[in-house]
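Here are a few exercises to work through with the model open. Try each task before you read its solution.

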Amino acid sequence: MANLMDYLDWRGDLTLEISPFNEVDALILAELSFVDFDGIVPPPELGRGLPLSEAAEAFFARHGGKDVPMGVLVPDTISKMLRKLMTSPRFRDMTLNGYTALLDDSIEQQFAALTIDLGNGSIYISFRGTDDTIVGWKEDLNMGFLEEIPSQKQAVEYVARVARQYSDKTIRIGGHSKGGNLAVYSAAKSSGEIQERIVAVHNNDGPGFAWDISETPGHKRIASRIHTILPQTSVVGMLMEHEKRYQVVHSTYDGLYQHDGFSWQVLGTQFVHLDDFSREGKLVDETLSSWADSLNTQQREALADALYSVFTASGAKTLSEITEEKLKSAAAMLKTYKNLDRETRRMVTEAFMLFFKLGTKNFVLDTQEEGSREIENIRKKISEQYQKLVERKK
């Protein structure tokens, strides 16, 4: 079966004039905003940018011509994808502009965006999803109890700035993961004048909201142009209040790993669509809904703060740093975990165990077999595992 990379090999030589923009192109450009174009692509309102091929050349020159690791959970394939884009007649002459990347621990914000002039009278605003930074994951958790996170507000402002700069263009907005959430939010919150210019919003497995945004006037005006794509066992896209209209596509990965867009299968100019979620996917939706409903707003906030304190206990700023110093990180995380109050420890343990199970191949079987296990026994096992790591360090 074929994926994004195969699509670039097979159809990358067809310009948009020959084969119009499609949902696969939308995901490719959503992934493109994960590339660090700082100092290469100008920020908003400072020129018309530069061709993708030139931006890519400058990016690889900065890194000695080598592929660039993207972090623990962001696919390294993005770097390889960029190599194909820079030589592809379909993408190489698209103009990149408006690169913005903001990281602010004090307000718990991780935001990045990129604007691509498609060359056909339309621009694509690409919002980056969650990257390797821990504060980025904290902002995701904050979605569970805040009506608006800093990146959502920033996304609305970004769309307004770019819309002014490209006043003669129609607009597409897209993103993968949190980027999909930002795409939906910014489109729904944009002015009526900007909404009239939006031809499509591409939400690729983006999480939902702590409240039902679909009931707002702005969302209702744009709803028919929102295209939400979810893999057959979506986890991220099923979080919180999510879009009611969506397309299910086939992924070759298992569980939580289906979030990787490079695992979504492609046939011609579209993904391989399925009639419905898999059995596991339906159980994921039920499980996540049940778990989320069991926590009130205060508990969600306490859980987010607790998880953040555990993951940053070693002083790490990224998931890669935690991975590189496993024993040091484990010891610091365990100490912080044990200092949490009993109720918060319970919520943290439940969250860890839930997402661990969602990442396994036999999620249905695991859920059935472990459903009656008491949380105290689960906590005991986790503590024992961490204690062994600490003893090994000694």
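Predicted model: local features only at pLDDT ≥ 70, side-chain atom pairs only at ≥ 80, totals over all residues.

**Exercise 1.** Which residues are linked with R164 in a network of salt bridges?

*Solution.* 

Step 1: start from the pair R164 and E45, whose closest N and O atoms lie 3.5 Å apart in a salt bridge. This pair links distant parts of the chain: R164 is in helix α6, E45 is in the loop between α2 (23–32) and β1 (50–51), and 119 residues separate them.

Step 2: widen the view, and R161 joins E45 and R164 in the network.

Step 3: compare each value with the cut-offs. Exposed means over 50%, so R164, at 56% relative accessibility, counts as exposed. E45 comes out at 39%, and therefore counts as partly exposed.

Step 4: for context, a search of the whole structure turns up 17 salt bridges. Another of these joins the side chains of D276 and K282, at 3.3 Å from N to O. D276 is partly exposed because its relative accessible area is 37%, and K282 is partly exposed because its value is 41%.

**Exercise 2.** How far does helix α6 reach from its first C-alpha to its last, and which of its residues are buried?

*Solution.* 

Step 1: α6 covers residues 150–165, which gives 16 residues.

Step 2: its end-to-end reach is 23 Å, close to the 22 Å expected at 1.5 Å a residue.

Step 3: pick out the covered positions. The buried residues in α6 are S151, Q152, A155, V156, Y158, V159, V162, A163 and Q165.

**Exercise 3.** Is helix α5 mostly covered or mostly open, and what do its buried residues pack against?

*Solution.* 

Step 1: name them: I134, V135, G136, K138, E139, D140 and N142.

Step 2: follow their neighbours. They pack against β2 (95–104), β3 (109–117), α6, α7 (178–189), α11 (297–311) and α12 (319–324).

Step 3: now take W137, also found in helix α5 (residues 134–142). Its relative accessibility is 33%, so W137 counts as partly exposed. Together with V72 and L73, W137 forms a nonpolar patch on the surface with about 270 Å² of accessible area.

**Exercise 4.** Which side chain makes a polar contact with the side chain of T228?

*Solution.* 

Step 1: find T228 in strand β7 (residues 226–231).

Step 2: T228 has 5% relative accessibility, so T228 counts as buried.

Step 3: list what T228 touches, leaving out residues up to four places away in sequence: N203, E243, R245, Y246 and Q247.

Step 4: the polar partner is N203, with the side chains in contact at 3.3 Å.

How values were computed: Residues numbered from 1 in each chain as written. Heavy atoms only, no water. Helix = DSSP H or I, 4+ residues; strand = E, 2+ residues; numbered from the N terminus. Buried < 20%, exposed > 50% of the residue type's maximum accessible area, 1.4 Å probe, protein only. Polar contact = N/O pair within 3.5 Å; in protein donor to acceptor, adjacent residues only side chain to side chain. Contact = heavy atoms within 4.5 Å. Patch = residues over 30% accessible without salt bridge, like charges linked within 9 Å, V, L, I, M, F, W, Y side chains within 5 Å. Areas by Shrake-Rupley, 256 points an atom, 1.4 Å probe, with all protein chains shown as cover. Salt bridge = Lys/Arg side-chain N within 4 Å of Asp/Glu carboxyl O. Expected span 1.5 Å × (residues − 1).
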